[in-house]
Amino acid sequence: MPSAIAEGSQAPLNRLAAPSDRRFGERIRLGVLTEEISPELVDEVVELTGCGERRRRLLPARAVVYFVLALCLFSSSDSAGPPGYRSVLRTLTEKLRHLPGLCVQRLPTSSALTRARQRLGDKPLQALFERRCGTLATTVTPGAFAFGLRLVAWDGTALDVPDTPANAAEFGFTGKGGVNQSGHPQVRVMALTECGTHALVDSAFDAVARFSEHKLARRLLASLRPDMLLLADRNFAGYQLWGLARATGAHLAWRIKKNLVFVPLRVLSDGSYLSIMRTPAENIRHGQARAAGRTLTEPPRGHLVRIIEYTVTIHPQAGPPRTETFRLVTSLLDHRLAPAHQLARAYHQRWEIENGFAELKNRLRGAGFILRSKAPELICQEIYALLTVYQALCALQTRAAEHGGTDPDRISFTVTVEIARLAVAAQAATDATTLAAARREVTTELLAALLPPRRNRQCQRIKKPSKNTFEVRKRDQPRTPSNVRCTLKVTKYPT
């Protein structure tokens with residue numbers, strides 16, 4: 001008699017069904033990331049959001065939360081595309097479904113897992129992310145502080161979602177009037193990131209068609225603190241947003257566009273100068289006066305700021321040098337506490353948020369991949385899960401760097417993801433002792449695979465042309481049905 005039990009068949013008499021406390025759904029964990037996302041924390045957010053199950057199920061709400069997190073952790077494990085539901089759950093429940101003396105516990109179907117996700121909703125994952133997000137660096141973390149302030153940066157990016165009618169209606173597309181329109185509906189994600197560790201201090205997302213980065217940035221203001229120095233690129237400088245950000249107590253250092261006019265009030269000894277970021281009404285009044293050749297004697301109304309102008313010259317190994325001009329506006333008015341040269345160097349830590357987006361979208365989600373959910377609520381659930389897993393991985397990296405006394409930049413994110421996946425399959429969180437031993441092993445592995453010290457690099461914003469010449473399908477062009485009926489006829493050779 002074969003040992004495997006066919007789906008739908010009766011279990012042999014000498015093998016018993018697993019009791020409720022030994023069902024795999026009750027014992028699912030997330031490997032070494034379980035220390036950051038503990039069962040107690042998951043149970044807390046499930047109860048808080050009122051999403052617990054009313055009857056005992058094979059996959060209770062806690063298991064579904066871990067399952068959704070695992071979907072994001074294993075998203076890029078297959079280069080062809082995100083692995084299927086049952087493939088991820090099979091890895092998640094390795095060694096949990098085959099218990100001695102008991103029959104093999106079968107995996108739920110993909111449709112049953114979809115219904116489980118729908119029952120759970122997005123609220124538990126949102127609450128979970130809100131409890132996990134935050135800063136990770138200590139005062140001795142390299143590159144995390146400048147002038148006694150924690151370096152943070154905010155910026156936006158976009159995530160592609162499946163092109164279903166529901167997603168298209170809810171999230172929309174980039175581009176106006178069909179010009180440069182994105183191929184898939186997109187979700188705009190705005191993140192506030194700690195530069196030293198890439199940790200997500202906070203994040204907000206919404207429809208790309210209705211919410212700009214400026215609108216989403218307002219949702220992150222509550223997470224700014226007086227001990228922070230917020231870095232931002234040229235897209236954010238403006239009187240109103242500047243005032244709202246400064247009202248939190250955080251200091252700011254933002255790049256500004258070359259065509260913005262700032263009249264010097266007082267030139268400082270380090271070459272920077274104090275000026276006024278004028279109100280919109282003052283900008284109009286001074287612009288009209290300047291066009292008419294009139295001089296306004298009264299000082300303009302607005303925010304007192306400091307302007308720093310500097311150039312960066314790059315000397316590549318091949319080709320001529322290239323120089324780029326930068327202009328910063330900052331709320332750090334004392335040039336003795338924050339000299340212009342040091343502030344200009346600190347601003348370039350803003351690029352750490354771009355590195356963080358590359359880790360989140362290319363290493364974790366998968367380069368060129370889109371999210372898998374076909375309904376807006378499940379898209380929100382998936383994004384919160386993606387952000388939560390990313391934050392847990394950053395925490396794992398930071399703890400390893402602290403243990404080794406090194407810069408978190410030298411901990412490979414790719415290796416971290418690989419090791420975290422292996423620990424899930426090995427059931428590294430079976431109990432507290434096993435989890436502690438697994439964390440020590442992971443720390444040793446990460447420190448043994450350190451990246452070389454960060455070097456100066458340049459990267460052109462270009463991409464190679466597509467190697468095929470296939471026609472681009474327009475959005476209003478229906479897709480050709482893939483199911484066909486074939487007939488085969490052998491041609492008779494003439495005699």
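Reader: Hi! What caps the N-terminal end of helix 13?

Author: Ser412 does, with a side-chain oxygen 3.4 Å from the backbone nitrogen of Thr414. Bear in mind that this is a predicted model, where local features need pLDDT of at least 70, side-chain atom pairs count only at pLDDT 80 or more, and totals for chains, interfaces and linings use all residues. Residues are numbered from 1 along each chain as its sequence is written, and side-chain values use heavy atoms, leaving out hydrogens and water.

Reader: Thanks. How many residues does helix 13 have, and how far does it reach?

Author: Helix 13 covers residues 413-425, so 13 residues, and reaches 19 Å from first C-alpha to last, close to the 18 Å expected at 1.5 Å a residue. That expected span is 1.5 Å times one less than the number of residues. Helices here are DSSP runs (H or I, at least four residues), as are strands (E, at least two), numbered from the N terminus.

Reader: And which residues are buried in helix 13?

Author: Phe413, Thr416, Val417, Ile419, Ala420, Arg421, Ala423 and Val424. Buried means under 20% relative accessible area, exposed over 50%, and partly exposed in between, with a 1.4 Å probe and protein chains only.

Reader: What covers them?

Author: The cover includes helix 2 (61-73), helix 3 (85-92), helix 11 (351-366), helix 12 (376-404) and helix 14 (432-448).

Reader: Nice. What happens just after helix 13?

Author: Gln427 takes a positive phi of about 55 degrees there.

Reader: Switching topic: is His335 buried or exposed?

Author: His335 is buried, because its relative accessible area is 18%. Its place is in the loop between strand 10 (322-330) and helix 10 (340-347).

Reader: Which residues is His335 in contact with, leaving aside its neighbours within four places in sequence?

Author: Leu268, Ser269, Asp270 and Arg306, where contact means heavy atoms within 4.5 Å. The side chains of His335 and Ser269 are also joined by a polar contact of 3.1 Å.

Reader: What counts as a polar contact?

Author: A pair of N or O atoms within 3.5 Å; within protein, one must be able to donate a hydrogen and the other to accept it, and residues adjacent in sequence count only if both atoms are side-chain atoms.

Reader: Last one, about another helix: where does Asn283 lie?

Author: Asn283 lies in helix 9 (residues 280-292). Asn283 is partly exposed, with a relative accessible area of 38%. Asn283 and Asn456 are 173 residues apart in sequence and 39 Å apart in space, C-alpha to C-alpha.
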